[in-house]
Structures are given as structure tokens and as C-alpha cells.
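Dear colleague,

Please find below the structure that I am handing over to you.

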Amino acid sequence: MSNDTALFLGQFLRSPAVIGAVAPSSRRLAAAVCAPVPERGEPTVVELGPGTGPFTEEIQQRLGGRGHHLAVELNAPMAKLLAARFPLVDVAHADAARLGELLRERGLRQADVVVSGLPWAAFPEQAQRDLLGAVTAAMGQGAAFTTFSYIHAIPLSSARRFRALLAERFEEVVPGRTVWRNAPPAFVFHARRPRA
């Protein structure tokens, strides 16, 4: 077992509703989730729930030193690991519901891309609404939001509620194909044009 997997599993056992996974995401899932990160310009990319950093690494490769990458992690040991591992990333040990405030503190107007590793299906309805409200309020009109869901969570009422909430908050929501080479398999949601 790798150090990252051990940390992930340990933190999951402490608070499964906050961590939401027993292992870090695969490179294939990271590539699918981070696809909207632009190849040009100086974008503001926000990453929610980065954990041990598989999406963080992908975003950094795509940015190549451009723009501003803000990673918001609620779990203190993971935030500390992330900050040490990725010195170019602006790691905030904070609640994602404070996203607007975190951007303002940094003099950033809005996010161009929001990449989420949060366990949406593990959250109660009000937490889903509050978090997604914070996300859409922080996004520009042309911004993109991506997240993923494990295929075993599809039938859960909380997962169905989250999918309905995405459709309510965004004009366009496109489900991606299943990433089978992930433990467990997952699929990606790409959302654009947040509704006011």
C-alpha cells in the first residue's frame, strides 16, 4: 500500500462522510476531470477536495506555470501534504463553502474552472445546495465545472438529488464516459454556464 493510499484510508476511516473515498483517484480519472483546464492564458483554476493530489498534479501539468491554482482542502493532514508536495499551488486549509471569500482574499475576481473531488453523494441536501451555490457564485459566465461520481453511487437518492441540482444550477450538464480504470470505477460530469 502506498503512503497516499494509507493516508487516504486512515482519514476515510476517521471521517467517511468528509473524505468519501478509500483511495486516491487514478491518472485516467484525473485526466478526464481536469480536461476543461485551458491550455492558454492565465486562468484561475479552483480545485475542491484535492486530497493527496492526483487532480492537483494533472492541473499543474496542464497549467505549466500559468494562472492561479487554488486548492481548497478541509482535511488538515491532506492540506499539509499537498502544500509540501506542490509548492506552486495555493493550498487553503478551509471549507469549500467559503470559496467566494477565499477568492476575494487573494484578489481573484472569479474562477474560470472549478474541478471538484468532493464526495457529493455523501453530503446531505443542504450541504450539497450550499456548496454548489458557493461554486456557481464564484464562477464566471463562461466558466466550467467538473466533478465525478462512483458508479456504485448512481442509485443512491443523494446522488440522484445532486444530478438534479446540477441541472438546476447549470444550463449545460454533460455526463462523460465511465472511467473503468479507477478504484472504484467512476464517471465525470462536465457543467457550463452557471445560472444566475
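Leaving aside neighbours within four places in sequence, S149 is in contact with A186, F187 and F189, where contact means heavy atoms within 4.5 Å. S149 lies in strand β5; helices (H or I, at least four residues) and strands (E, at least two) are DSSP runs, numbered from the N terminus. With a relative accessible area of 12%, S149 is buried. Buried stands for under 20% relative accessible area, exposed for over 50%, and partly exposed for the range in between (1.4 Å probe, protein chains only).

Please note that this is a predicted model, in which local features need pLDDT of at least 70 and side-chain atom pairs count only at pLDDT 80 or more, while totals for chains, interfaces and linings use all residues. Residues are numbered from 1 along each chain as its sequence is written, and side-chain values use heavy atoms, with hydrogens and water left out.

Overall composition

The chain has 8 helices and 7 strands. Of its 196 residues, 48% count as buried. Among contacts between residues at least 6 apart in sequence, 67% join residues at least 24 apart. The accessible surface of the chain comes to about 9300 Å², and 54% of this belongs to carbon and sulfur atoms; such areas come from the Shrake-Rupley method with a 1.4 Å probe, and for residues only the protein chains shown count as cover.

The sheet and its helices

An open sheet of 7 strands shows the order β3-β2-β1-β4-β5-β7-β6, with mixed pairing. Two strands pair if DSSP finds at least two bridges between them. The edge strands are β3 (90-93) and β6 (170-179), each of which pairs on one side only. On average, neighbouring strands of this sheet are turned by 15° against each other, direction ignored. For such angles, axes are lines fitted to C-alpha atoms (for helices over the stretch in contact), and angles run from 0 to 180 degrees between N-to-C directions.

Strands β1 and β4 run parallel and are joined by 4 bridges. V45 stands opposite V113 in β4. Helix α5 (residues 76-85) packs on the sheet and touches β2 and β3, its direction making about 165° with that of β3. Helix α8 lies across β5, β6 and β7, and runs at about 140° to β6.

The nonpolar cores

In soluble globular proteins, nonpolar side chains tend to be buried together. A nonpolar core is here a set of buried Ala, Val, Leu, Ile, Met, Phe, Trp, Tyr and Cys residues joined through side-chain atoms within 4.5 Å. The largest one holds 30 residues, of which V46, L48, L70, V114, W120, L132 and F145 touch the most other members. Elements that give two or more residues to this core include β1 (44-48), β2 (68-73), α7 (125-137) and β5 (139-150). A second, separate core has 16 residues, among them V33, V37, I59 and V115.

Apart from neighbours within four places in sequence, L132 is in contact with W120, F145, F162, L165, L166, R169 and F170.

Aromatic pairs

A search of the whole structure finds 7 aromatic pairs. Rings of Phe, Tyr and Trp (its six-membered ring) pair if their centres lie within 6.5 Å; planes under 30 degrees apart count as stacked, over 60 as edge-to-face and the rest as tilted. The ring centres of W120 and F145 are 6.3 Å apart and the planes stand at 80°, so this pair is edge-to-face. The pair links distant parts of the chain, with W120 in the loop between β4 and α7 and F145 in strand β5, 25 residues apart. W120 is buried at a relative accessible area of 2%, and F145 is buried at 1%.

F187 and F189, both contacts of S149, also form an edge-to-face pair, with 5.1 Å from centre to centre and 75° between the planes. F187 counts as buried at 9% relative accessibility, as does F189 at 5%.

Backbone details

A cis peptide bond joins A183 and P184, with omega about -5°; P184 lies in the loop between β6 and β7. R193, found in strand β7, has a phi near 55°, a positive value in a residue other than glycine. At 35% relative accessibility, R193 counts as partly exposed.

With kind regards
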